[in-house]
Amino acid sequence: MKIYSKLLTVFAAAFLCFFDADCTTIKIACKAKGREAELIEKAVKEWMKTHGGEHRVEIVTLPRASNECLALYLQWLSAETFDVDVLQVDLAWIGMLADYLHPLDQFLADGEVDVGDYFTVVRNLIHHNGKIVVLPWYVDCGGMYYRTDLLQKYGKPVPQSWEELRETALYIQNEERKDPLKRSKFYGLGFPAKAFEELTCSFLEVIDSFGGAIIKDGKVVINSAECVEATKFLVNSFKSVINRGAVNHSGEEVRGLFQSGNAVFMRNWPYAWSLLNEPTAEVAGKVGIMPIPVGGARGKPSGALGGWSLAVSKYSKHPHIAADLVKFMTSREQQKIRSAFSYLPPRMSLYRDANLLKNNPFLAYMYGPLQNSVARPSKLFGKNYQRASTEIFNTVNTIITESIESADFRERDIKKYLDRLARKLNKILEKASQQPAMKHADAVRTTKPQKSGGFLYRIKKFLGLAG
Amino acid sequence: MQINFTPLGRKVKKTNFSHWAFLAPCLVVLVLSAGWPLLRTIYFSFTDATLDNLKETNFIGADNFISLVRDQDWWQAVLNTFVIAFVSVPMETVLGMVIALILHRNFRGRGLMRAIVLIPWTIPTIVSARMWAWMLNDVYGIVNELLLRASVIDSPIPWIASSSLSIVSIILVDVWKTTPYMALLLLAGLQSLPQDCFEAADVDGIPFGKSFARIILPLMKPTIIVAVIFRTLDAIRIFDLVYILSSGNSANATMSVYARKHLVDYTDVGFGSAAATALLFFIAFLSVFYVSFNRKKLYDVG
């Protein structure tokens with residue numbers, strides 16, 4: 001009987017809503033599947049309850065692959081008739097999507113959202129032209145996982161620097177390989193180097209940990225001495241402690257290696273934590289996580305920042321209601337609930353909340369990596385970020401592949417590759433800065449030499465087509 | 001014979017009209033579903049359209065095509081595509097012929113066997129590509145595990161990670177996947193051949209090798225040519241296998257992977273469409289070449 005009465009209420013509400021002109025439907029697009037979808041549904045129901053069933057929410061599910069979501073957003077938003085109100089936006093996309101997002105300041109009462117509480121890297125990303133355009137939902141940060149049991153077994157401390165890490169990894173790798181079963185498949189370090197966005201992240205944190213950067217003070221410095229040193233270190237690690245196949249491994253394959261007990265260290269995202277600690281996992285309870293270690297003499301601990309935010313579409317017909325939903329979904333309370341499921345809150349104060357920490361010590365482990373985290377230069381590249389990122393991960397993947405496979409690869413070739421990469425990035429950056437008004441800006445093509453005095457230009461000028 | 005009373009001309013006109021009327025729905029669907037997107041892609045290839053701006057585009061002439069032919073990555077993609085197509089199709093043809101000849105024989109459980117052989121082809125490519133990516137994984141893939149246990153190799157081989165091996169792996173998986181399709185086409189051809197030739201050859205006691213070379217192959221030529229054309233055109237469009245199995249580096253891309261990258265990842269619809277149009281050009285050129293080259297031979301036999 002209970003279920004019937006429940007159903008009846010739902011139908012009644014839907015029926016009333018159908019005729020009630022005041023009832024608005026807010027559409028929210030998110031990538032939720034499985035457990036996360038349940039969390040979102042629960043939150044959405046709670047929000048509807050606080051508004052006395054005045055508004056309805058419809059969840060639109062996005063594709064699993066992030067780059068496909070972005071392409072879908074761009075297509076939808078350019079149609080201008082887009083009827084999704086709330087969008088789940090990757091923190092790296094804000095530069096690309098900002099023109100389509102509704103500024104949120106006008107919906108935020110004074111002090112309603114304490115921007116100062118967000119991690120500095122996050123805080124630096126959420127504005128566009130001085131206005132807040134997204135509210136951060138949860139953050140991600142690259143970290144270094146390690147096997148506590150193996151370090152203990154061989155009496156090694158948790159390494160603080162890359163050099164120490166590689167030594168430890170090599171030592172344990174050699175020791176473990178004495179076991180004939182592990183002879184050919186035990187590795188010191190799992191590192192995702194497949195030519196995808198993830199490699200841009202993992203490479204960024206390696207150069208950052210060596211004191212290098214992709215862009216510094218508006219200038220491309222990816223070929224600086226620090227970056228060359230970091231790349232050399234990475235290439236040499238591939239020759240000693242990383243499996244060769246890693247050039248085609250994404251985070252998931254690397255997790256497969258680590259979770260089956262065949263690696264001492266692993267670079268991965270926080271999501272792996274709860275999977276590694278599932279009771280059926282071989283390494284459950286034997287895993288620790290720390291920031292990406294310090295590299296070289298001028299280095300610092302690091303970790304690439306990822307993460308998601310919620311935003312209101314510029315084409316939403318009910319921006320104030322949509323903004324209210326966004327505020328609710330990204331509120332302290334919601335982030336507290338979600339933190340229990342490895343969705344790390346972007347608010348620093350939650351990492352000092354004794355109650356939360358008691359139930360979820362993982363939060364305390366991640367505070368360090370997050371504070372040291374470094375953001376991808378997506379804002380500077382704006383709409384051309386994907387192009388810049390592709391150049392980066394292609395070059396790094398090529399350097400690693402070449403160094404493993406080609407006998408005549410020398411260390412000085414690294415500098416050459418990085419110089420070429422810097423030139424390409426400079427070109428992209430130049431074009432990006434020439435187009436401050438992003439909308440309808442021409443895409444930049446690095447491979448396209450644009451000679452204004454060229455033959456084609458003259459023909460076009462003759463025909464009156466050139467601007 | 002009432003029909004004779006109707007003036008012949010009018011009757012023909014009527015039939016003409018009615019057959020167009022019957023064809024119309026099909027033609028409309030074809031134009032809408034194939035013709036329109038095709039023309040739109042060709043149109044976009046001459047503009048600077050981006051994914052978030054498909055309306056206010058500027059006509060930029062052949063600029064996209066000029067930068068396409070200047071792009072080293074594109075020519076690498078063209079080379080990769082042709083290597084895959086021209087290595088895998090002959091392998092599939094030979095293997096497909098062998099399987100077709102076996103399945104053409106009369107043996108117990110032939111129907112079941114014919115169904116089983118088709119399985120690799122019926123699995124969606126994206127699924128089988130993922131499956132192979134797992135099996136070919138260097139650390140926990142079953143292929144390396146078996147080879148290691150049999151002591152064929154002493155350290156794992158990075159099947160899909162090494163730049164030289166990954167193209168071999170892609171070709172092998174493609175052969176595994178499409179040989180059944182080839183076998184199906186060739187088997188259909190074999191079954192439509194006049195059976196009396198085979199019987200005569202059997203009666204005369206001609207060895208199989210000779211009857212294959214002298215009877216089956218010449219009679220099968222038209223079928224083989226059609227099957228090879230189909231497969232080659234199909235292989236040039238190869239996308240999913242490469243997308244899943246390769247490391248994502250531009251050096252391993254094929255033409256359609258290249259086009260997708262520019263169109264979707266870089267949101268550069270104009271340039272991506274130019275790449276897609278160039279791919280279409282390659283396919284059109286090859287089919288015209290094939291058909292005109294083989295026309296004489298095709299009709300020689302028939």
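The paragraphs below walk through a predicted model with a chain A and a chain B, starting with the overall form of chain B.

Chain B is built from helices: its secondary structure comes to 13 helices and 0 strands. Followed along the sequence, the pattern is therefore simple to read, α-α-α-α-α-α-α-α-α-α-α-α-α, and the radius of gyration of chain B is 25 Å, well over the 19 Å that the globule rule gives for 302 residues, so chain B is more spread out than a compact globule. Along the principal axes, the C-alpha atoms of chain B fill a box of roughly 70 × 65 × 30 Å. Of the 302 residues in this chain, 35% are buried.

Chain A, in turn, is divided into two parts: domain 1 covers 2–139 + 306–366, and domain 2 covers 143–303 + 375–429. Taken over C-alpha atoms, the centres of these two domains of chain A are separated by 32 Å. Where the domains meet, 13 residues of domain 1 are in contact with 15 residues of domain 2. On the domain 1 side, helix H4 (94–97) and helix H15 (362–371) of chain A each supply at least two of the touching residues. By class, this side of domain 1 has 9 nonpolar and 4 polar residues, and no charged ones.

A sheet in chain A is worth a careful look. This open sheet has 4 strands in the order E8-E11-E7-E12, with mixed pairing. Strand E8 (187–190) and strand E12 (287–290) of chain A stand at the edges with a single partner strand each, so one side of each is left without a neighbour in the sheet. From one strand to the next, the twist averages 20°. Strand E7 (residues 143–147) of chain A runs antiparallel to E12(A), and 4 bridges join the two. One residue pair to find in the structure is Tyr146(A) and its bridge partner in E12(A), Gly288(A). Helix H7 (residues 162–176) of chain A lies across E8 and strand E11 (263–268) of chain A, at about 135° to E8(A).

Finally, the two chains touch each other. The contact takes 38 residues from chain B and 38 residues from chain A. On the chain B side, helix H2 (63–70) and helix H12 (255–265) are the elements that give two or more residues. H2(B) gives the most, with 4 residues.

Conventions: Residues are numbered from 1 along each chain as its sequence is written. Chains are lettered from A and ligands numbered from 1 in the order in which they are written. This is a predicted model: local features need pLDDT of at least 70, side-chain atom pairs count only at pLDDT 80 or more; totals for chains, interfaces and linings use all residues. The radius of gyration is taken over C-alpha atoms; the globule rule is 2.2 Å times the number of residues to the power 0.38. A residue is buried if 20 or more other C-beta atoms lie within 10 Å of its own, exposed if 12 or fewer, and partly exposed in between; C-beta atoms are placed from the backbone. Domain bounds come from an automatic or database domain assignment. Two residues are in contact if their C-beta atoms, placed from the backbone, lie within 7 Å. Ala, Val, Leu, Ile, Met, Phe, Trp, Tyr, Cys and Pro count as nonpolar, Asp, Glu, Lys and Arg as charged, and the others, Gly among them, as polar. Two strands pair if DSSP finds at least two bridges between them. Axes are lines fitted to C-alpha atoms, for helices over the stretch in contact, and angles run from 0 to 180 degrees between N-to-C directions.
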